[in-house]
Amino acid sequence: MTSSVLEVQIPSHFPPPMAELFREFRTYLKIEKNYSEHTLFAYLRDLKFFCEFCLKEEIDILTVDVLDVRAYFADLKATKKQDKRTQSRKLSSLRTFYKFLFREEKVEKNPILQVSFPKTKKKLPKNFTQIETEDILCFDEEEKSPELGKRDRAIVEVLYSTGLRVFELVCAKMSDLSEDLTSLKVMGKRRKERYVFLGDEAKKALGEYLEERGNKSAPEIFLNQRGTKLTTRGIRYILAERRSVMGMEKAITPHKFRHTFATDLLNAGADIRAVQELLGHASLSSTQVYLSVSRDRLKEVYRNAHPHAKK
């Protein structure tokens with residue numbers, strides 16, 4: 001079941017001032033920050049836990065200091081046994097909350113700035129090998145109708161060709177697609193616009209799907225069986241179904257296509273800043289994680305090619 005921001009209810013025992021701050025922060029994340037539903041849910045759930053702690057310890061949320069924050073995380077560690085990655089996300093949620101309060105002049109300073117993030121090992125992104133990518137792209141589900149079969153083929157081709165996030169894919173509109181089907185304007189995180197480009201195979205697959213596409217008046221490119229906008233859950237279901245029919249061991253997810261897109265570009269010698277722009281990353285550090293994957297490939301090339309590299 002997909003988490004929804006609507007599931008994070010403000011507890012009835014929250015005092016009115018605290019409940020109002022919660023509502024204002026929710027609006028800020030949703031409207032100004034344009035966070036995804038998943039991120040909204042995580043941030044608001046984290047804030048709810050912190051508010052509960054403040055009530056239990058009789059701490060005024062507007063006068064929290066660094067010792068209160070450390071006591072909260074010590075309590076979390078003792079009672080919930082959370083790993084460093086989860087602690088980092090909870091700290092990030094609180095930092096964003098107090099940054100908002102500081103901007104609104106409700107607090108004199110952001111107490112979270114004095115708390116260091118726990119050191120975590122950065123996980124390398126998982127991507128498909130070249131053979132796996134070709135197997136997924138070339139697989140044809142014969143039992144599906146021409147429209148759905150061509151839609152599913154176009155989805156995997158576009159995901160691999162563009163590196164789109166799944167919410168960007170389902171929100172992609174016909175009006176933002178170039179007439180020759182070679183470029184697409186997308187709205188990414190924080191309402192940041194960028195252009196992505198479709199290679200020959202993606203262009204061909206998309207063109208074939210659009211010819212079969214039933215509801216010609218629908219604004220979105222990819223539609224479900226009823227001729228309305230596909231959801232992110234629908235995309236994940238389509239990919240999971242493809243994996244099941246193929247009998248593939250590795251999970252097929254939208255984000256693995258994104259990882260594969262970035263890694264394949266860097267392996268082919270693409271400039272990292274160009275890849276950053278294509279992915280829609282605000283920070284270069286988000287893109288640099290793919291260099292570690294590419295270095296493994298470089299090491300393999302070196303050991304196979306250099307006369308003195310082999311033991």
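What percentage of the 311 residues of the protein chain count as buried? In this predicted model, the share is 42%. The secondary structure of the chain comes to 12 helices and two strands. Along the sequence, the order is α-α-α-α-α-α-α-β-β-α-α-α-α-α.

The largest nonpolar core holds 36 residues. Within this core, Phe25, Leu29, Phe50, Ile61 and Tyr98 touch the most other members. Helices α1 (16-32), α2 (37-56), α3 (66-80) and α4 (84-103) each supply at least two of the core residues. The top contributor is α2, with nine residues. Nonpolar side chains tend to be buried together in soluble globular proteins.

Salt bridges were then examined. The whole structure contains 13 of them. One joins lysine 106 to glutamate 24, with the closest N and O atoms 3.6 Å apart. Lysine 106 lies in the loop between α4 and α5, whereas glutamate 24 belongs to helix α1, so this pair ties together parts that are 82 residues apart in sequence. Lysine 106 has a relative accessible area of 34% and is therefore partly exposed. Glutamate 24 is also partly exposed, at 25% relative accessibility.

A second bridge pairs glutamate 32 with arginine 103. Here the closest N and O atoms are 2.8 Å apart. Glutamate 32 sits in helix α1 and arginine 103 in helix α4, and the pair links distant parts of the chain, 71 residues apart. Both ends are partly exposed: glutamate 32 has a relative accessible area of 47%, and arginine 103 one of 43%. These two residues also belong to a network of salt bridges that includes Glu104.

Arginine 151 and aspartate 152 form another salt bridge, at 2.9 Å from N to O. Are these two residues buried or exposed? Aspartate 152 is buried, with a relative accessible area of 1%. Arginine 151 is buried as well, at 6% relative accessibility. Both values fall under the 20% cut-off, so both residues count as buried.

Charge also gathers on the surface. A patch of negative charge is formed there by Glu134, Asp135, Asp200 and Glu201. The elements giving two or more residues to the patch are α5 (130-138) and α8 (200-212). Glutamate 134 lies in helix α5. At 40% relative accessibility, glutamate 134 counts as partly exposed.

Backbone geometry was considered last. Most residues other than glycine have a negative phi. Which value does phi take at glutamate 58? Phi of glutamate 58 is positive, at about 55°, although the residue is not a glycine. Glutamate 58 lies in the loop between α2 and α3. The relative accessible area of glutamate 58 is 76%, so the residue is exposed. Glutamate 105, another residue other than glycine, has a positive phi near 60°. Glutamate 105 is found in the loop between α4 and α5. At 73% relative accessibility, glutamate 105 counts as exposed.

How values were computed
Residues are numbered from 1 along each chain as its sequence is written. This is a predicted model: local features need pLDDT of at least 70, side-chain atom pairs count only at pLDDT 80 or more; totals for chains, interfaces and linings use all residues. Side-chain values use heavy atoms; hydrogens and water are left out. Patches are made of residues with over 30% relative accessible area and no salt bridge: like charges are joined within 9 Å, nonpolar side chains (Val, Leu, Ile, Met, Phe, Trp, Tyr) within 5 Å. Accessible areas come from the Shrake-Rupley method with a 1.4 Å probe; for residues, only the protein chains shown count as cover. A salt bridge is a side-chain nitrogen of Lys or Arg within 4 Å of a carboxyl oxygen of Asp or Glu. Lys and Arg count as positive and Asp and Glu as negative; His and the chain ends are not counted. The place of a charge is taken as NZ of Lys, CZ of Arg, CG of Asp or CD of Glu. Helices (H or I, at least four residues) and strands (E, at least two) are DSSP runs, numbered from the N terminus. Buried means under 20% relative accessible area, exposed over 50%, partly exposed in between (1.4 Å probe, protein chains only). A nonpolar core is a set of buried Ala, Val, Leu, Ile, Met, Phe, Trp, Tyr and Cys residues joined through side-chain atoms within 4.5 Å.
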